[in-house]
Amino acid sequence: GTIVLTDYLSKDVQWCDVECTGPDSVMAPGDEILLSRRPASYTFEIEGKKMHNTSDASCLAYRKNGSDTLYATGKTFIYAFIDKPEEVTASGIVLMRKEANKERDPIWVKVIAAGKDTGVQSGDEVLIAYKHDAYTFKIDKQELHNGGVEEIICFHRV
């Protein structure tokens, strides 16, 4: 009766359309939201349309009504690596380290989008605790990752 996972669950993402929101949501109908492909949500049908529920906190990112600008919600921020989490020798050899060792190395990242409760904003450079289980996804040909306010060590405005 037990299941043993031999690998991490998939960290795939998908874009979804917002149909309606509650009064406290930062999103609105017509927005696109980036969600995990394995969200825990209810599936239901209203007026012949299959729908799902989610919350602002479950969204990795969103775009306002057809805009190309990327936003994040609450305590979430979206970032791109400034420094790669690998070490490169003077001769150009990339030294790969185990994920467990990387977890103790802070890295500098550039904020692409930030929720209002993070204290940072788009364009900031942030020193964060490296997180091997962050989502990795491509938007506009740029590799991005998600983080939470608890990972921020310090930052500066550029």
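Y42, F44 and I46 make a nonpolar surface patch of about 330 Å² in this predicted model. I46 belongs to strand 3, which spans residues 43-46. The relative accessibility of I46 is 42%, so this residue counts as partly exposed.

Two backbone nitrogens lie beside polar atoms of the D31 side chain. That of A28 is at 2.8 Å. That of N65 is at 2.7 Å. Beyond neighbours within four places in sequence, D31 is in contact with C16, D17 and V18, and also with Y62, R63, K64 and N65.

Strand 12 (residues 142-148) is mostly covered, with five of its seven residues buried. Strand 6 (residues 76-81) runs antiparallel to strand 12 and is joined to it by four bridges. In this pairing, F77 stands opposite G147. Strand 11 (residues 136-139) is also antiparallel to strand 12, again through four bridges. Here I139 stands opposite Q142. Strands 11 and 12 form a hairpin with two residues between them. D140, in the turn, has a positive phi of about 55°.

R63 lies in strand 5 (residues 61-63) and D140 in the loop between strands 11 and 12, so the pair ties together parts that are 77 residues apart in sequence. The two partners contrast in accessibility. R63 is buried at 10%, whereas D140 is exposed at 58%.

The salt bridge count comes to five. Among them is the pair K49 and E19, at 3.0 Å from N to O. This pair links distant parts of the chain, 30 residues apart. K49 is in strand 4 (residues 49-52), and E19 is in the loop between strand 1 and strand 2. K49 has a relative accessible area of 41% and is partly exposed. E19 is partly exposed as well, at 38%.

Another of the salt bridges joins R157 and D124, at 2.8 Å from N to O. R157 lies in the segment after strand 13 (152-156), while D124 is in the loop between strand 9 (106-114) and strand 10 (125-129), so the pair ties together parts 33 residues apart in sequence. R157 is partly exposed, at 46% relative accessibility. D124 is buried, with a relative accessible area of 1%.

Key. Residues are numbered from 1 along each chain as its sequence is written. This is a predicted model: local features need pLDDT of at least 70, side-chain atom pairs count only at pLDDT 80 or more; totals for chains, interfaces and linings use all residues. Side-chain values use heavy atoms; hydrogens and water are left out. Patches are made of residues with over 30% relative accessible area and no salt bridge: like charges are joined within 9 Å, nonpolar side chains (Val, Leu, Ile, Met, Phe, Trp, Tyr) within 5 Å. Accessible areas come from the Shrake-Rupley method with a 1.4 Å probe; for residues, only the protein chains shown count as cover. A salt bridge is a side-chain nitrogen of Lys or Arg within 4 Å of a carboxyl oxygen of Asp or Glu. Buried means under 20% relative accessible area, exposed over 50%, partly exposed in between (1.4 Å probe, protein chains only). A polar contact is a pair of N or O atoms within 3.5 Å; within protein, one must be able to donate a hydrogen and the other to accept it, and residues adjacent in sequence count only if both atoms are side-chain atoms. Contact means heavy atoms within 4.5 Å. Two strands pair if DSSP finds at least two bridges between them.
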